[in-house]
Amino acid sequence: QDPKGGATFPLPNGGWIYVVDFARGNDRGGVGALTFNANGRVADYRMLLEDTNDNRHGTPTPWGTYLSVENIDDDGSIYEVDPTGVIRAERTLLGSAAGRSAWTGVAVDNRRSNSPVFFVSSNQDEEGFVFRYKPSQAAINAHLFSEPAFHLLQEDAAPTVEYLVLVPTPEDPSRGVFTWIDDADVGKDSAIDNFASISDVDAYDGVLYVTSEERKELFVLDLDNEEYTSASTEIGEFDGDPASVLHILSGHESRRRRARQLHAG
C-alpha cells in the first residue's frame, strides 16, 4: 500500500527487479521487490526492508543498490537496499551526516564514476533543507572499486557535507545563482527564505531538480555553472501541482544550452 517511489534493475537473464518504497507509518513501511522474468511475468516477490516508517522517493546507486528515505520528523534514516536481497539492508551516513531529519528525497550525480556526489532533501518541521554529500577519497578507494561497493555509504570517516544556498537575482527572483556551504544554519535559513518544505530531488546530466511543496515551485539547478531557474508547479506544463519530480526529458537539452549561453554572456 501507498507506494511512493521505485526503480528497476536489469538481470542477466533478460528479466528485471522492480524495487518500490512504501510510505506507511507505525512501523509498517519498508521496501519491496517484484522480480520479473524475460517474458515479463512475475517470478518472485519479497520484502527487502521492513518495520520502517513513511519510506519514499528513493533512487538507484551507480553500483546497483537502492536508497530509500524515511520521512519522520527528527528521526528519519536513509537505507541502502540490495535489490536481490542477498545483502541485508543497512542505514547509511546520508541519513545521519546532517543529523537525523524528515528526509524526502535523495539523488546522485554520477557523471564522474570515480567521484559520485549525493543530494538529500528534508522537510523537517515543514521547512527543511538540501545538502550535498561527497564521499571521502579514502572511502572511495576502499569501497567504490570493490565488489560490491555497498559499504561506501556506511563506512566513511570524513565525508564532505555542504548545504544549498540560493541567491536570487533582485530584479527576477525566479532565477539566480547558488553555492554550497558547510554552515548548516546558513543553509537552513536559505531554505526557509527561498524553497521551504522540499518534497523531492532528482539529478540528471548535470542538472539538479528540487520541488518545494510549500511554495509549489520547481527549481532547476545547473550544477556546473551554479545558476538556477524556478517555475510554478500550479500552471503550465506542471498543472496538477506535483509534490515530487523526476528529471524532465522534453526540452532538457535546450535548457542546458540556454544556461550555457547565459553563463557565457
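Some ground rules. Residues are numbered from 1 along each chain as its sequence is written, and side-chain values use heavy atoms, with hydrogens and water left out. Because the model is predicted, local features need pLDDT of at least 70 and side-chain atom pairs count only at pLDDT 80 or more, while totals for chains, interfaces and linings use all residues.

On confidence: pLDDT is the predictor's confidence in each residue, from 0 to 100. The mean for this protein is 87, and 88% of its residues reach 70 or more. Over residues 257-265 pLDDT stays under 50, and the model has seven contacts there beyond four places in sequence; a contact means heavy atoms within 4.5 Å. Where pLDDT is low, the predicted coordinates should not be read in detail.

Overall, the protein has three helices and 17 strands. These are DSSP runs, numbered from the N terminus: helices are H or I with at least four residues, strands E with at least two. Of the 265 residues, 49% are buried, where buried means under 20% relative accessible area, exposed over 50%, and partly exposed in between, with a 1.4 Å probe and protein chains only.

Now the strands. Which strand has nine of nine residues buried? That is β9, residues 101-109, so β9 is largely enclosed by the rest of the structure. Strands count as paired if DSSP finds at least two bridges between them. β9 is joined by two bridges to β6, residues 66-76, running antiparallel, with G76 opposite S101. Six bridges join β9 to β10, residues 117-122, also antiparallel, and there V108 stands opposite F118.

β10 pairs in turn with β11, antiparallel, over five bridges; S122 has F129 as its partner. The two form a hairpin with six residues between them, and D125 in the turn has a positive phi of about 55°. In β11, five of the six residues are buried, so this strand too is largely enclosed. Four antiparallel bridges link β11 to β12, where F131 is partnered by Y163.

N123 sits in the loop between β10 and β11. Is N123 buried or exposed? Its relative accessibility is 16%, so N123 counts as buried. Its side chain makes a polar contact with the side chain of N71 at 2.9 Å. A polar contact is a pair of N or O atoms within 3.5 Å; within protein, one must be able to donate a hydrogen and the other to accept it, and residues adjacent in sequence count only if both atoms are side-chain atoms.

Next, helix α2, residues 184-194. G187, S190, A191 and N194 are buried in it. The buried residues pack against β11, β12 and β16.

Last, the cores. A nonpolar core is a set of buried Ala, Val, Leu, Ile, Met, Phe, Trp, Tyr and Cys residues joined through side-chain atoms within 4.5 Å. The largest has 41 residues, and those with the most contacts inside it are L94, F131, L208 and L221. A second, separate core of twelve residues includes A7, V31, L48 and V81.
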